[in-house]
Amino acid sequence: MSDAHRFDPTILREYDIRGVIGKTLSEADARAIGRAFGTIAGAGTIAVGYDGRLSSPGLEAALVEGLTAAGRDVVSVGLGPTPMLYYACYALDVTGGIMITGSHNPPDYNGFKMMLRKKPFFAGDIQALGQLAAEGRFASGRGTASTVDMLDRYVDRLAQEFTGGRPLKVAWDAGNGAAGEATRRLAARLPGEHRVLFAEIDGTFPNHHPDPTVPKNLVDLQQAVADGGCDLGIAFDGDGDRIGVVDGQGRILWGDQLMQIWAEAVLKERPGAVVISDVKASQTLFDRIAALGGRPLMWKTGHSHIKNKMAETKAPLAGEMSGHVFFADRYYGFDDALYAAVRLLNVVAGGDEPLAAMRDRMAATVNTPELRFPCSEEAKRPVMAAVVERLKAAGATYSDVDGVRVTTADGWWLLRASNTQDVLVARAESSGEAGLSRLKAALADALRAAGIVPPDLG
Ligand SMILES: [Zn+2]
């Protein structure tokens, strides 16, 4: 069994494989991932793409080597955002796809997002891949490797979706991530005035980190919107599967606020449809979906969970607080931030109301940011179990689809274990400050009762 390959166990994560180059992740790992995935996939062709990180081309070459050694044919779609690879999985005749990307992580990280037979390959699938490699049970064969230029086809598909309207002034920020070139080409295809910041793909991220959920990463975009008198600004994360938006006044619209806008547009066409968001989202979103005649569904955080739930419920739209947005309405149900941007532009350009006015119409709440505090992997389960036990005994109203989300007369609080880090994540939301204080106190009590010293909840 000289072929057996052991991965650093920390890289086999819930939603993807991810590690630090030269520490926990190497080209030998990429080759083994190719051989193992190729073995599991069986017959057929695999599409492969990669992001702009310095380590990505080397990992890609090794991955392709592994896939072809397992007998799979490979079609490389080249450098681009993750949704371009997902799109290739639908547009090309392939069995599955692998995207090499470190997403929004620091430059020395990299990883693999996988899809097989149009479903996310995650959780148990990833563990099984690790097991297969450890046992060296690789298939062997001699697959072929070819390339296809996907970028223009992908941008064509995005541009096709634009439905026109009043000309807009839009600032874009690709954060030097893998969506840079696609963003530049898409903006060039749209009417109106467009200014694209940091479109040059650079894996050292010289301007700011490509993570639009962190407000400081949106400062350049806010400045560009102000300088240009733009209608709105749109930012993408490092691999283009998460979106960040600011309105004409430079105010950030979070994932659950953007979802209110997309939900309205989709439900107009599809009355009564299921619309999904995750447990971190505002109650105002779920209420709004119901008021629009839709069926709100709260589900687990994590793009793989959301994609599977969409397929199961035939929901035409889903979106997470984190900025992953999934349209199965006129599209394929995967998270594509560039596509979501076009659908937002359709709403804004198609009406007279500025984005800022839409934001002002939304029900106002006060909430905590996402609070994260350390908790070891071993402690997560007992802590969460103790919290649930206590809520049950108290007859509390809660949902346990992902951690616990407790609803009281004041609003709600959430406590869940992160699937990707040794942390617990908490959040609370109320209609007013007094209510929020009571919710934070209840959360702190729950933690204390479970034997955790509550962090400063602000
Ligand atoms: Zn991403």
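Tutor: Happy to! The second largest pocket holds about 520 Å³ of space. Of the 20 residues lining this pocket, those closest to its centre are Ile 261, Glu 264, Ala 265, Lys 268 and Val 347. A pocket here is found on a 1 Å grid over the protein atoms alone, as an open set of points where a 1.4 Å probe fits, with protein on both sides within 12 Å along at least five of seven lines; lining residues have an atom within 4 Å of a point. Grid points are joined across faces, edges and corners, and the volume is the space filled by probe spheres set on the points.

Before going on, a word on the model: it is predicted, local features need pLDDT of at least 70, side-chain atom pairs count only at pLDDT 80 or more, and totals for chains, interfaces and linings use all residues. Residues are numbered from 1 along each chain as its sequence is written, and side-chain values use heavy atoms, leaving out hydrogens and water.

Helices (H or I, at least four residues) and strands (E, at least two) are DSSP runs, numbered from the N terminus.

Covering residues 337–350, helix 11 lies across strand 8, strand 10 and strand 11 (243–247), and runs at about 165° to strand 10. Such angles run from 0 to 180 degrees between N-to-C directions, with axes fitted to C-alpha atoms, for helices over the stretch in contact.

The sheet itself is open, with five strands in the order 9-8-10-11-12 and mixed pairing. Strand 9 (193–197) and strand 12 (252–253) stand at its edges; each has a single partner strand, so one side of each is left without a neighbour in the sheet. Helix 6 (residues 180–189) also packs on this sheet, touching strand 8, strand 9 and strand 10, and its direction makes about 170° with that of strand 9. Inside the sheet, strand 8 (residues 169–173) and strand 10 (residues 232–236) run parallel and are joined by four bridges. One example is Ala 171, whose bridge partner in strand 10 is Gly 233. Two strands count as paired if DSSP finds at least two bridges between them. In general, strands of a sheet pair through backbone hydrogen bonds, either parallel or antiparallel.

For an antiparallel case, look at strand 21 (residues 411–417). Five bridges join strand 20 (residues 404–408) to strand 21, and the two form a hairpin with two residues between them. Strand 21 is also joined to strand 22 (residues 423–430), again antiparallel, by seven bridges, and this hairpin runs through five residues. Leu 415 has a bridge partner in strand 22, Ala 426, and is also the bridge partner of Val 404. Seven of the seven residues of strand 21 are buried, so this strand is largely enclosed by the rest of the structure. Buried means under 20% relative accessible area, exposed over 50%, and partly exposed in between (1.4 Å probe, protein chains only).

One last stop is Thr 82, in helix 3 (residues 82–91). Thr 82 counts as buried because its relative accessibility is 0%. Not counting residues up to four places away in sequence, Thr 82 touches Met 99, Thr 101, Lys 113, Asp 239 and Asp 241, where contact means heavy atoms within 4.5 Å.
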